[in-house]
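Me: Please examine the structure shown below and answer a series of questions on its local packing and geometry.

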Amino acid sequence: MGKGIVEKLQQEFAKDLIIDDEWLPYEIHPDTPAGGVRLDEYFPGMNTALFFEEINQRAKRYELFFGPQEVMSNSRLALMGGEFAKEHGRYHQYHEAVFKAFFTECQNIGDMAVLLDAARESGLDESAFKEALGQGVYLAKLEETTQLARDKWVNAAPTFIIEGHGNVTGASSMDSFREIFAKLSNKH
């Protein structure tokens with residue numbers, strides 16, 4: 001939903017502000033096992049059906065659908081893959097492919113085969129992608145941005161860091177963002 005929010009704001013405030021987005025990798029749950037973990041085991045007592053019902057209500061305005069995910073994947077490889085995609089000018093395509101694989105199709109994005117499908121869909125060189133991830137080429141970048149996030153008190157995704165305002169955590173309402181950006185555009 002974060003991407004949908006940014007795109008709508010960029011359209012609405014195009015003549016008043018330049019809204020430049022930079023997506024940084026951040027592992028929310030780095031302790032997730034490589035093969036993933038069932039959501040109901042990681043979050044005991046969580047009503048996953050209700051959670052996805054509520055999130056889908058909010059996601060409708062961005063034309064998104066979240067499938068009934070049962071497993072939380074380890075996102076480390078997927079996030080490093082995002083850095084590879086950035087370096088090769090295909091970040092947004094890769095991000096959409098991984099989002100769809102995980103949130104809509106409920107696939108395990110900790111699985112290299114799933115990520116290779118996303119790389120292929122995104123127009124990336126699969127063998128270079130696999131080699132870079134296998135060698136941990138982007139691990140230092142992931143660790144660096146994780147530390148940067150902690151330094152800025154980020155503990156959830158999405159978190160928007162808005163220059164001149166501060167942090168907005170979570171997929172807040174469009175009206176909240178409009179209010180922030182209206183104030184910022186009045187300062188210019």
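Me: Which residues does T146 touch, not counting residues up to four places away in sequence?

Reply: The model is a predicted one, in which local features need pLDDT of at least 70 and side-chain atom pairs count only at pLDDT 80 or more, while totals for chains, interfaces and linings use all residues. Residues are numbered from 1 along each chain as its sequence is written, and side-chain values use heavy atoms, with hydrogens and water left out. Contact denotes heavy atoms within 4.5 Å. Leaving aside residues up to four places away in sequence, T146 touches P25, Y26 and E27.

Me: Is T146 buried or exposed?

Reply: T146 is found in helix α8, residues 139–151; helices (H or I, at least four residues) are DSSP runs numbered from the N terminus. Buried means under 20% relative accessible area, exposed over 50%, and partly exposed in between, with a 1.4 Å probe and protein chains only. The relative accessible area of T146 is 8%, so T146 is buried.

Me: Which backbone oxygen does the side chain of T146 reach?

Reply: T146 belongs to helix α8. At 2.8 Å, its side chain reaches the backbone oxygen of L142.

Me: How are α6 and α7 oriented to each other?

Reply: These helices pack at an angle of about 135°, with their axes 9 Å apart; axes are lines fitted to C-alpha atoms over the stretch in contact, and angles run from 0 to 180 degrees between N-to-C directions. Angles under 35 degrees count as roughly parallel, over 145 as roughly antiparallel, 65 to 115 as roughly perpendicular and the rest as oblique. The contact is made by M112, L115, L116, A119 and R120 of α6 and E126, F129, K130 and L133 of α7. The orientation of α6 and α7 is therefore oblique.

Me: What is the phi of C106?

Reply: C106 lies in the loop between α5 and α6, and its relative accessibility of 27% makes it partly exposed. Most residues other than glycine have a negative phi. Although C106 is not a glycine, its phi is positive, at about 55°.

Technical notes. Helices (H or I, at least four residues) and strands (E, at least two) are DSSP runs, numbered from the N terminus. A polar contact is a pair of N or O atoms within 3.5 Å; within protein, one must be able to donate a hydrogen and the other to accept it, and residues adjacent in sequence count only if both atoms are side-chain atoms.
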